[in-house]
Amino acid sequence: MAKAISRASGSEVFEDPLDSYSATVIRVAAAVTPHVAALEMTGSGRAGRLRVGAGSAVLFTTDGYLLTNAHVVGGAESGNAAFADGTTTAVEVVGADPLSDLAVVHGRAPTAAPAELGDAELLRVGQLVIAVGNPLGLSGSVTAGVVSGLGRSIPVWSGRNRRVIEDVIQTDAALNPGSSGGALADARGRIVGINTAVAGVGLGLAVPINATSRRIIASLLKDGRVRRAYLGLVNTPIQLQPRAVVRTGRREGLLVVEVLPGSPAERAGLRAGDILLKVGQMYVSNAESLQKLLFAEAIGEPLDLAVLRDGAELRLVAVPAEMTDNQ
C-alpha cells in the first residue's frame, strides 16, 4: 500500500514502496556489474580450440584473480573473460575445489576495482539479494529476490561421481545456465555468494562467502587445490523438539537427510533421520560448522560423533577419508 507523505503546502503525494526496492536493486546492479565477467573456458580438439564450459566470474583482487564455480571450469586449463565495459582477457585456471564448487582463475590486472566480499553469516532468511551474471549468454543480467534458506546441503553429479555441496544459500532470484559463477550481492553491494545453477534450471543456489570459503580460496591461491576430509552425508539445520532440548541441552543440530553408500558416514553407522549434535569437540548447527572440521588435518583421524536417534543419544566414531575425484 502506498504511503502518504505530507508537503508544506498541505497537499499529499504518495510514495510507492516498490520505488525504494527498485532504487536498491538499480544501485547494487550498477555497483556489481563491472566486477562480473562472462567466462568461456576452452580446450584443444581436432578442430583446434573448442569451448568446453561457460558461465560467469567475479573479480576479487586488484591483480586479476576471479572467483567462479568448479563445474564451470571443468577440466579446462584456460579460457577468456569479458567484462561489461567490453574489455577482455585470457585467463588460466589456478585451482578448483569440486566439494565447494569454487574455482579461481587469473587474467591480467583489470582497470576496474575488485568487488567487495561480504559475510554470508550475516544473512537472514527473507533478506533482499541481487544476482548478476550471464544467463544464456546475456551478459550483465540482473535478477533480484530474497534469501529462501540458509545452510542447505545438496547432492550433485560430477561426471559419474556423486558429490555433496555444503552450506549453500537458497534464493528465489532466478538463476539459469550461464549464471553459474556470478555474484550474489546484498543490499550494500557486497558479494555474499557465488551463484551456482548446478542443481538445475530455476533453482537459485549460491556458495556462501564466509570464513570457510575464504579458507578454501586461500588454499586455491596458494596450492591450486584443497585437501578435504570426506564424510559423505547430506544434511540440513534443524531445531530440536522440546523434549530433545531438555535431554541434550541443545536447541539445534544437523538433520542427516541422506548417507552416501560406501562413505565413512555409512561405515560409522550414521542413518538418514539421525541428528548430529556434536562432531569431535564442536557442537554443530549448520553446514559450515561441520565443514570447518573437515580439512586436511581430519583425514584418517577418528572423529567422535554425538547423535540423536529416535530420542536416544548415541556415540559413533567416523574416520574421514580424503576427498578424491572418485568420491
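Helices (H or I, at least four residues) and strands (E, at least two) are DSSP runs, numbered from the N terminus. This is a predicted model: local features need pLDDT of at least 70, side-chain atom pairs count only at pLDDT 80 or more, and totals for chains, interfaces and linings use all residues. Residues are numbered from 1 along each chain as its sequence is written, and side-chain values use heavy atoms, without hydrogens and water.

**View A. Asp 310 in the loop between strand 20 and strand 21.** Phi of Asp 310 is near 50°, a positive value in a residue other than glycine. Asp 310 counts as exposed because its relative accessibility is 79% (buried is under 20% relative accessible area, exposed over 50%, partly exposed in between; 1.4 Å probe, protein chains only).

**View B. Asp 101 in the loop between strand 7 and strand 8.** Strand 7 covers 88–97 and strand 8 covers 102–106. Phi is positive here too, near 60° for Asp 101, again in a residue other than glycine. Asp 101 has 3% relative accessibility, so this residue counts as buried.

View C. A cavity is a set of points, on a 1 Å grid over the protein atoms alone, where a 1.4 Å probe fits but cannot get out; a pocket is an open set with protein on both sides within 12 Å along at least five of seven lines; lining residues have an atom within 4 Å of a point. Points are joined across faces, edges and corners, and a volume is the space filled by probe spheres set on them. The model has 3 cavities of 30 Å³ or more.

View D. Of 15 lining residues, Ala 120, Glu 121, Leu 123, Leu 150 and Gly 151 lie nearest the centre. Strand 10 (141–158) and strand 11 each supply at least two lining residues. The classes are 8 nonpolar, 4 polar and 3 charged.

**View E. Arginines over rings.** Arg 215 has its charged end over the ring of Phe 295, 4.0 Å from the centre. Arg 250 lies over the face of Tyr 283, also with 4.0 Å to the ring centre. The criterion is NZ of Lys or CZ of Arg within 6 Å of the ring centre and within 35 degrees of the ring normal.

Key:
Ala, Val, Leu, Ile, Met, Phe, Trp, Tyr, Cys and Pro count as nonpolar, Asp, Glu, Lys and Arg as charged, and the others, Gly among them, as polar.
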